[in-house]
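Take a look at the structure before you read on.

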Amino acid sequence: MNKINYGLECDKILDGIKKTGHKPTLLLHACCAPCSSYVIEYLEKHFDLTLYFYNPNITDTVEFAYRLNELERFVCERPGEDIKIIAPEASSHEFYDAVRGFEDIPEGGERCFRCYRLRLEKTAEAAVRGGYDFFCTTLSISPYKNSDMLCRIGLELEQSHGVRYLPSDFKKHGGYLRSIELSSIYSLYRQNYCGCGFSKNEAEKRRG
């Protein structure tokens, strides 16, 4: 089976939207300010964006608040139209329930895939409730995230929830490097682990 180029699929959809002269609405799951920075820059000319900060995997409450504050600061300081941020209450129990039995799986495996699904499904549900045209996530900008799996899950949820998923691989077109550049420009906090305690422990072990 040939691997789908989801970056190219995204570009095709954006080209089609551009030709209509109309901006559809998109609920964009945002994991943090650095990852959101380039994705917002890339999508805002095509969509009426709303950010959805649903991340129960960030189980440290101080870390959670800091990442949300950084996202709010970036959105306020950046040029362009105002972008709304929705930050629903999220319990760490939702994350632990989703990954139960896979706690010892290394980062990048099934534990992460279950976390992807949890966050994307909650975003899809919110998109349906809010009447959005599309939903998507910033997660694919990271070289440590499996963009193919993210898109497969997103497209499955499109079918089950009846709201379009924007297939994407935002690290393409130099997206990841641009996010680093924007992080420097706005002095954004760049965390060295995804968010959960498991990934934090693995990051600490790598540092020795």
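This is a predicted model: local features need pLDDT of at least 70, side-chain atom pairs count only at pLDDT 80 or more; totals for chains, interfaces and linings use all residues.

Residues are numbered from 1 along each chain as its sequence is written, and side-chain values use heavy atoms, with hydrogens and water left out.

**Exercise 1.** Classify the pair Tyr38 and Tyr42.

*Solution.* Start with the rule: rings of Phe, Tyr and Trp (its six-membered ring) pair if their centres lie within 6.5 Å, and planes under 30 degrees apart count as stacked, over 60 as edge-to-face and the rest as tilted. The count by this rule is twelve aromatic pairs. For Tyr38 and Tyr42, the centres are 5.5 Å apart and the planes at 20 degrees, so the pair is stacked. Next, place the residues: they are four apart in helix α2 (residues 33-43), about one helical turn; helices are DSSP runs of H or I, at least four residues. Finally, Tyr38 is buried at 7% relative accessible area, and Tyr42 is buried at 15% (buried means under 20%, exposed over 50%, partly exposed in between, with a 1.4 Å probe and protein chains only).

**Exercise 2.** Classify the pair Tyr66 and Tyr189.

*Solution.* The ring centres of Tyr66 and Tyr189 are 4.8 Å apart and the planes at 40 degrees, so this pair is tilted. Tyr66 lies in helix α3 (residues 61-77) and Tyr189 in the loop between α7 (175-185) and α8 (197-207), so the pair ties together parts 123 residues apart in sequence. Tyr66 is partly exposed at 41%, as is Tyr189 at 23%.

Notes. Helices (H or I, at least four residues) and strands (E, at least two) are DSSP runs, numbered from the N terminus.
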